[in-house]
Amino acid sequence: MSELVSERIREHAERLRLTHLAETAEQLIARAEEAEMGYRELLDLALEEEVGVREGRRFRNALKLSGLPHHKGLDEFDFAFQPQLDARKVRDLATLAFVTGKGNVCLLGPPGVGKTHIAVGLAIAACQAGFSVYFTSLDDMVRNLREAESTGRFAKKLQTYLKPAVLVLDEVGYLPLSRAEGNMVFQLVSRRYERGSIILTSNKTFGEMGQVFGDEVLASAILDRLLHHAEVISINGPSYRLKDRMLEQREGGDGRLQS
């Protein structure tokens, strides 16, 4: 009789697409018997594990679709190396209040100080919380939009960058844009304004954005919308990449830097 019941549980679980329960029902029952669980505790355990498996699968899929360059979270960020950076403020951002409030985050500073790492860490936290995320450099986005415009697909391609709850725009300012390209960025920022969050990294100050977007008036219009609901973090410290390079050049046990 117990075998018939076990088979029926498995079949019902499969029909309900409770795949984890279908595969582990016997193990869950054995654990419940060993721990002398009540009926409610067993049901709670079964549902909790099913939800955990589904959430894990959803999170992995979200990371694949996000385009993130790596999956290093904020727990791997070396705050001690950037003592001027307010670690508490960064960790507060990881609570994602800016995402639920449709606000933005701007991370400014010279190359190598960890701007992209923080942006990715916040994006991973958003993925874990169930928000959709997409990562792109500004140059890649503009190139894709420009190509789409040449074939009459601009509006459709723009949706790629409008749909996610969190859009990470990396490396803003590394290459200057034409006025037409700056206008594409304006359309994106304007359409996302108070509808979705942007995490932006840049090696430029806001005063230099006129050079980036090809027009001072256009840059002002972009910044007006971008900064209205934004947290701004400036990182002015040493480069992690130079630090890693120096460590790679250390040889032997005496800790001396080799030439």
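In helix α8 (residues 154-162), F154, L158, Y161 and L162 are buried, that is, under 20% relative accessible area with a 1.4 Å probe and protein chains only. They cover an arc of only 95° around the axis, which puts them on the same side of α8. The model is predicted, so local features need pLDDT of at least 70 and side-chain atom pairs count only at pLDDT 80 or more, while totals for chains, interfaces and linings use all residues. Residues are numbered from 1 along each chain as its sequence is written, and side-chain values use heavy atoms, without hydrogens or water.

**Strand β3**
- Because 6 of the 7 residues of β3 are buried, this strand is largely enclosed by the rest of the structure.
- β2 and β3 run parallel and are joined by 5 bridges; F135 stands opposite V168 in β3.
- β3 is also joined by 5 bridges to strand β4 (residues 197-202), and these two run parallel; V166 has S197 in β4 as its bridge partner.

**Second largest pocket**
- The second largest pocket has a volume of about 220 Å³, a volume being the space filled by probe spheres set on the grid points.
- Its lining includes I9, L18, Y39 and L47.
- α2 (19-34) and α3 (39-66) each supply at least two lining residues, and the largest share, 5 residues, comes from α3.
- The lining of the second largest pocket divides into 11 nonpolar, no polar and no charged residues.

Note on methods. Buried means under 20% relative accessible area, exposed over 50%, partly exposed in between (1.4 Å probe, protein chains only). Helices (H or I, at least four residues) and strands (E, at least two) are DSSP runs, numbered from the N terminus. The arc is that of the directions from the helix axis to the C-beta atoms. On a 1 Å grid over the protein atoms alone, a cavity is a set of points where a 1.4 Å probe fits but cannot get out, and a pocket is an open set with protein on both sides within 12 Å along at least five of seven lines; lining residues have an atom within 4 Å of a point. Ala, Val, Leu, Ile, Met, Phe, Trp, Tyr, Cys and Pro count as nonpolar, Asp, Glu, Lys and Arg as charged, and the others, Gly among them, as polar. Two strands pair if DSSP finds at least two bridges between them.
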